[in-house]
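Hi,

Here is the structure I said I would pass on.

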Amino acid sequence: MPTLIKSFIFFDLETTGLPKDNPKVTEICLVAVHRASLENPTRDAATGNLQLPRILDKLCLFIDPGKSLTPKATEITGLSNGNLAQCEKQTFDSRTVALIKEFLQRQAQPVCLVAHNGNGYDFPLLKTELQLQGQDLSGPVYCLDTMQALKSLDQRHSTTPAESRGSYTLSALYKRFFLEDPKDSHFAEGDVLAMLLVFLYKADDLLEWADTKSSNWAEVLPMYGPRLQQTV
DNA sequence: TGCCAGGCCCTCTTTAGGGCCTT
């Protein structure tokens, strides 16, 4: 059972495709927020709308995937092998891993990775990319899937029948809470900031969820590829 | 040519099937 989570790392991946395509990462964005900023959100004085909390650190990386994007991935992310090659970025290599590990180590511990449908997509794929480099995250790292958590919270608290609650896509949740479409969908940073606001809207419940129900990174299985011995 | 992941959740369920959600 986790102790009190101190730092939340909201993150999103843009990739070459879906799990059936054995995807590779094309873009990763991590945004670190301290627990205190989530417990005491600020609101716009004029409108009363929730404001983004103070962002402690942000890491956004374009990455050469080393394989072709599916047409659908190009369509929704706006990325292509052509424009990625033009940027002359490195592949997901040991230097990329070092940047991510250093980013996590800079935050107040323990940290919790937060991703939308993270259990089904982002966590396993990040695990695969790390293990393809023969590496893994070190220290206690917890994981929270906002989609799973929000669905469960609705089941617990809502009297609305499941079929009436609507979609749990990130954009649908954002629109449900803020009555407008999220900005910059399918840009890694745009999706991370949308997820951060969605989290903030349900911060009390999700902070409690993180402390009591978040999973351990060491238990995340890779989406595909070699399975290294788990180290805790 | 057509198909393709998979854990979770829901229901017309549990001896199952199908939709969701991620790029």
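I'll begin with the second largest pocket, where α7 gives the most to the lining, with three residues. Together with α8, α7 is one of the elements that give two or more residues there. Please keep in mind as you read that this is a predicted model.

The volume of that second largest pocket comes out at about 180 Å³. If you want to find the spot on screen, pick out Arg-43, Gly-48, Asn-49 and Leu-50, then Tyr-174, Phe-177, Phe-178, Glu-180 and Lys-183, and finally Leu-197 and Tyr-201; these residues line the pocket. Sorted by class, the lining has six nonpolar, two polar and three charged residues.

Now for the largest pocket, which holds about 710 Å³ of space. Its lining is made of 29 residues, and those nearest the centre are Leu-18, Ile-76, Tyr-121, His-186 and Asp-191. Here β1, α2, α7 (170–178) and α8 (188–201) are the elements that give two or more residues to the lining. The largest share is from β1, with five residues. As for class, you'll find twelve nonpolar, ten polar and seven charged residues around the largest pocket.

Next, the DNA. The surface near DNA strand B gets at least two residues from each of β1 (7–15), α2 (71–77) and α6 (146–157). Its make-up by class is ten nonpolar, ten polar and six charged residues.

Which parts of the strand does the protein meet? Counting the atoms of DNA strand B within 4 Å of the protein, 69% are in sugar or phosphate, with the rest in bases.

- Asn-117 has a polar side-chain atom 2.9 Å from a sugar or linking oxygen of DNA strand B.
- Thr-15 uses a polar backbone atom, which sits 3.0 Å from a sugar or linking oxygen of DNA strand B.
- Leu-170 has a backbone N or O atom 3.0 Å from a phosphate oxygen of DNA strand B.

Cheers

Terms used: Residues numbered from 1 in each chain as written. Chains lettered and ligands numbered in written order. Predicted model: local features only at pLDDT ≥ 70, side-chain atom pairs only at ≥ 80, totals over all residues. Heavy atoms only, no water. Near = heavy atom within 4 Å. Polar contact = N/O pair within 3.5 Å; in protein donor to acceptor, adjacent residues only side chain to side chain. Helix = DSSP H or I, 4+ residues; strand = E, 2+ residues; numbered from the N terminus. Nonpolar A, V, L, I, M, F, W, Y, C, P; charged D, E, K, R; others polar. 1 Å grid on protein atoms, 1.4 Å probe; cavity = no way out; pocket = protein on both sides within 12 Å on 5 of 7 lines; lining within 4 Å. Points joined across faces, edges and corners; volume = space filled by probe spheres on them.
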